[in-house]
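Here is a short report on one protein chain.

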Amino acid sequence: EESEMKAMQVRVPDHVHARLKELAQEEGISINSFIVSSISNEVVRQETRDFFKKAASNYDPEKFAEVLAAIPDIPIS
């Protein structure tokens, strides 16, 4: 299933465009594909950060200590 795509116009400094072109060529992909991949990676990074922020906000040191205490000590050999 192919998802819909929105067109965006983005202005970048000439030196950034030149570097994007170089990097895309090194990867053997179009500048558009390189930018889409880069933006997608950043969205995932932000979502991951938000997930862990939310998880950390629920952290209860007492509950964590209880869980650790319930784990039996087993010698590592």
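Helices (H or I, at least four residues) and strands (E, at least two) are DSSP runs, numbered from the N terminus. This is a predicted model: local features need pLDDT of at least 70, side-chain atom pairs count only at pLDDT 80 or more, and totals for chains, interfaces and linings use all residues. Residues are numbered from 1 along each chain as its sequence is written, and side-chain values use heavy atoms, with hydrogens and water left out.

**Helices**

After helix 1 comes Gly-28, with a positive phi near 75 degrees. Helix 1 has 14 residues, which should span 20 Å at 1.5 Å a residue; its end C-alpha atoms lie 20 Å apart, in agreement. The expected span is 1.5 Å times one less than the number of residues.

Helix 2 contains Glu-47. Glu-47 is partly exposed, at 49% relative accessible area. Here buried means under 20%, exposed over 50%, and partly exposed in between (1.4 Å probe, protein chains only). Glu-47 sits 38 residues from Gln-9 in sequence and 24 Å from it in space, C-alpha to C-alpha.

**Overall form**

The protein has three helices and zero strands. Its pattern along the sequence is α-α-α. The radius of gyration is 22 Å, well over the 11 Å that the globule rule gives for 77 residues, so the protein is more spread out than a compact globule. That radius is taken over C-alpha atoms, and the rule is 2.2 Å times the number of residues to the power 0.38. The C-alpha trace spans about 60 × 35 × 35 Å along its principal axes. Buried residues are 4% of the 77.

**The largest pocket**

A pocket is an open set of points on a 1 Å grid over the protein atoms alone, where a 1.4 Å probe fits, with protein on both sides within 12 Å along at least five of seven lines; lining residues have an atom within 4 Å of a point. Which residues lie nearest the centre of the largest pocket? They are Met-8, Asn-32, Ile-35, Val-36 and Ile-39, from a lining of 14 residues. Helix 2 gives the most to this lining, with five residues.

| Lining class | Residues |
|---|---|
| Nonpolar | ten residues |
| Polar | two residues |

Ala, Val, Leu, Ile, Met, Phe, Trp, Tyr, Cys and Pro count as nonpolar, Asp, Glu, Lys and Arg as charged, and the others, Gly among them, as polar.
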